[in-house]
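Please read it alongside the display below.

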Amino acid sequence: MQTCPRLVLATTTLAALSLLAPLDARAADPTWQTFNGDLMAQKFSPLDEITPENVGTLTEAWSLHTGDVSDGVHRPHGRVHGPAGDEDVPPPSVWSATPLFVNDTVYVGTPFYRIFAVEPDTGHVKWTYDTHATLAALTQPDLKNRGVAYWAAAVPASGVACQKRVYIGTMDAKLHAVDADTGKPCADFGSGGVLDFNAFNTSDAKWPLSLLQPPTVFGDTLFVGWAGKDWAEAVDSPGAVYALDARTGAMKWRFDTLPAEVREKTGTANVWASMSIDPDRHLLYIPVSSPSPNFYQAAVPADLPVVTSVTALDTETGRMVWTRQLVHHDLWDLDTNAAPTLVDLQKDGASVPALVQTSKTGFLYVLNRETGEPLYPIEERAAPHTDVPGEVSSPTQPYVPLPERVIPDRWPGVFGLADLVSGGFCTRTAAGLRDDGSFTPPSLKGSLTYPATVGGTEWGGGAVDPRSGIYVVNSSSAVQIYRLIPRDQYDDAAARGGETGGFSPMTGTPYGLQLSTFLNPIGMPCWKPPYGTIAAYDLKTGKRLWNEPFGQVQKWGFYMPESWGSVTIGGPVITASGLVFIGASMDSRVRALDLATGKVLWKAPVDAPAVALPAVYTYNGRQYVVFVAGGNSILSDKVADQVVAFALPAR
C-alpha cells in the first residue's frame with residue numbers, strides 16, 4: 001500500500017454541504033440518486049413502511065417494457081442502428097441498470113442506450129431520449145448498460161434549461177447530457193449535448209473507450225471511467241479516470257493508473273465499475289482492474305502498485321492519497337470490480353472512518369478510508385509459482401483471515417452427481433489439471449482456477465446498515481479452467497473450438513488463452529454446490545453472522561434444489577426495517593430476505609434475471625422497490641426489457 005501526503009481541503013464544511021445539496025441521500029424525503037443509492041455506496045434506505053411482517057403481501061405496482069432488448073438472433077422491434085447505419089440483428093443485450101429516483105421521476109438507461117423518464121407511481125413514460133448509438137459489439141460481446149447519472153445545480157438559474165441533467169454513456173464512447181425535465185439535449189455540454197470520449201483515447205486506441213457505467217457525480221464534477229476489450233491484445237489503451245465539468249464536459253483532471261514508461265508493454269488497468277465518494281473528506285475511491293495481457297504478464301513490470309487495487313484520490317485535484325493493491329501481478333483477471341462501501345464503525349470506543357472493498361477473490365478488505373491501512377489484518381502468504389516459460393509470478397499474495405472469506409479457500413471438490421451422470425468425466429478432468437489452491441497460475445496443461453474471474457463477489461458489491469455496521473454481500477462459487485496455448489498452436493485450437501470454446505488470442509504474447517467453466521458434457525457444474533450464497537457480517541467484530549445458499553439454478557425447464565444456490569450477478573439493498581432486497585440469481589426471481597437471519601420472506605417472478613441493483617423510494621406516501629429485469633449471458637440466455645415496481649397493497 002502506498003500513501004501520499006494528506007491533502008489540505010480548501011473547502012469549508014459549510015461550503016461542502018452546500019455543494020452536496022443536490023445529491024444527499026440523507027435528506028428528509030429519501031431518494032435513490034446514484035447507481036449505489038448514495039455517494040458512499042451503502043445501498044441503504046431509511047424507509048420502513050415495508051417490514052419483515054408485511055413484506056409477504058408485496059404486489060406488483062406497475063411494470064414497463066422498453067422494447068430495448070435483443071437475444072442476438074431475432075431482430076428487435078423498432079429502429080436498430082448497426083455499425084454502418086444498417087439494421088442488422090444487434091448482439092444480445094445485458095441490462096444491469098440501477099433505476100434512479102430523483103426529481104419526482106424514475107430514470108433508467110437501456111442497453112440500446114436510450115433514457116426513459118417514468119412516473120414513479122404508475123410507470124407511465126414521461127419522455128425518452130435516444131442516443132442513436134451504434135448497436136454493435138465494439139468492445140463487449142453484448143450490448144451493456146448500467147444506467148444513468150443525475151446532476152442538479154446547487155443554485156439553479158431561473159428560466160434556464162438543463163439546471164437538472166441526466167447523463168448516459170454508450171459503447172461507442174459518447175457521453176450524452178439531457179435536461180432532466182424534458183429529455184432535450186443540453187447544448188452547452190460537449191458539442192450540442194454530446195461529448196466524444198474518443199478524443200481522450202490517444203494511446204493504443206484500438207477500440208473506443210466504452211462508457212457502460214454511468215458517471216459518479218459530486219458537486220459540479222463528473223468522475224468517469226471506461227470499459228475496453230479484454231483478453232484480445234497484449235497492449236491496450238492505458239487506464240485512466242477523468243474528472244469533467246458537469247455543465248460543459250471540459251476536463252478538470254485525469255488520473256493515470258499506469259506510468260508512461262510501461263504503456264508500450266501493457267494497458268487497461270482501467271476503472272470500469274462504479275466509484276464511491278466520502279463527501280466530507282472530498283475523497284474519491286476507485287476500484288482499479290488488472291492490466292493487459294490478463295493471463296500472461298512476462299513483459300509487465302511487477303511494481304505497478306495501482307493495478308488491481310482500491311485507490312483514493314482527491315476529488316479537487318486527482319492526486320493520489322493512497323492505494324492498496326489487492327492482488328499482486330494479477331494473472332487471473334481478478335479486477336477490483338465494485339465501488340467500496342463507506343461506513344463509520346465503532347471500534348475500541350471510537351468512531352473509525354472505514355471502507356469495505358469486495359473482490360473476485362472472495363476476500364472482504366476492511367480499511368481505514370483516510371489512510372488505506374487495514375482495520376483487520378492483511379497477511380502476505382506464499383503463493384504457487386508459475387511453470388510457464390518466461391512468466392514470473394508473485395511469491396506472495398494478500399490474504400484476509402477476518403472477516404471470513406465469502407467463498408471457501410479451496411474449490412469444493414468434485415460433485416458426485418455431475419461425475420456419475422458423465423461417467424467420471426469430472427474426476428478424470430480434475431486429475432489432469434494443475435491445482436495448487438488459490439492463486440494457482442495459468443498453465444500449459446490447464447489450471448483449475450478458484451476463485452476465477454466470475455467468482456467471489458461481482459460488480460454489485462455489498463450493502464451496509466450504517467446504524468449497526470451489519471454488512472450483507474452475495475457471492476458466487478465458480479470453478480474455471482485457464483489454459484495457455486502456444487502461439488503456433490493457437491489458431492488451430494481456436495478454429496476447432498469454435499465461437500463457444502472460450503478462446504482469446506492475447507495477440508502480442510507467446511500464448512493464446514482458453515478459459516472454460518468446469519462443466520460436464522451435459523452442462524452440469526463439476527464442483528459441489530452451493531454455487532451462490534449470501535452472508536451477513538458484523539463489521540465491528542469481523543464475525544460472520546449467517547451464510548445461506550441463495551437463488552436457484554434453472555436448467556432444462558426445472559428449478560434445482562434451493563440448497564444448491566445460484567451463481568449471482570448484482571447486489572443487495574438494505575432497508576431500515578430490517579429487509580434485504582435483491583435480484584441477482586439466474587432463476588428470474590426477486591427476493592426479500594430477513595436481515596436478522598438471511599431467510600427468504602418474499603419472492604416474485606420477473607421476466608429475466610434481475611442483474612441490477614434495485615432502487616427503494618417513497619412517493620406520495622407509498623414505498624416502492626423497483627427492479628430492472630434484463631438478464632445477463634453469464635447466468636442464462638434469457639433476456640428482457642422489464643422495469644417492475646413492487647409495493648404494499650394500496651390502502
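Arg591 is buried, because its relative accessible area is 3%, where buried means under 20% relative accessible area, exposed over 50% and partly exposed in between, computed with a 1.4 Å probe on protein chains only. The model is predicted, so that local features need pLDDT of at least 70 and side-chain atom pairs count only at pLDDT 80 or more, while totals for chains, interfaces and linings use all residues. Residues are numbered from 1 along each chain as its sequence is written, and side-chain values use heavy atoms, with hydrogens and water left out.

**Salt bridges**

- The whole structure holds 24 salt bridges, each defined as a side-chain nitrogen of Lys or Arg within 4 Å of a carboxyl oxygen of Asp or Glu.
- Arg591 pairs with Asp587 at 2.6 Å, N to O, and Asp587 is likewise buried, at 1% relative accessible area.
- Salt bridges that share partners connect Asp278, Arg281, Asp344, Arg369 and Glu370 in one network.
- Arg405 and Asp409 form a salt bridge at 3.0 Å, N to O; Arg405 is buried at 5% relative accessibility, whereas Asp409 is partly exposed at 36%.

- Pro340 sits in the loop between strand S23 (320-325) and strand S24 (341-347), strands being DSSP runs of E with at least two residues, numbered from the N terminus.
- Pro340 counts as buried because its relative accessibility is 0%.
- Leaving aside residues up to four places away in sequence, Pro340 touches several residues, among them Met40, Tyr285 and Leu355, contact meaning heavy atoms within 4.5 Å.

Methods: Helix = DSSP H or I, 4+ residues; strand = E, 2+ residues; numbered from the N terminus.
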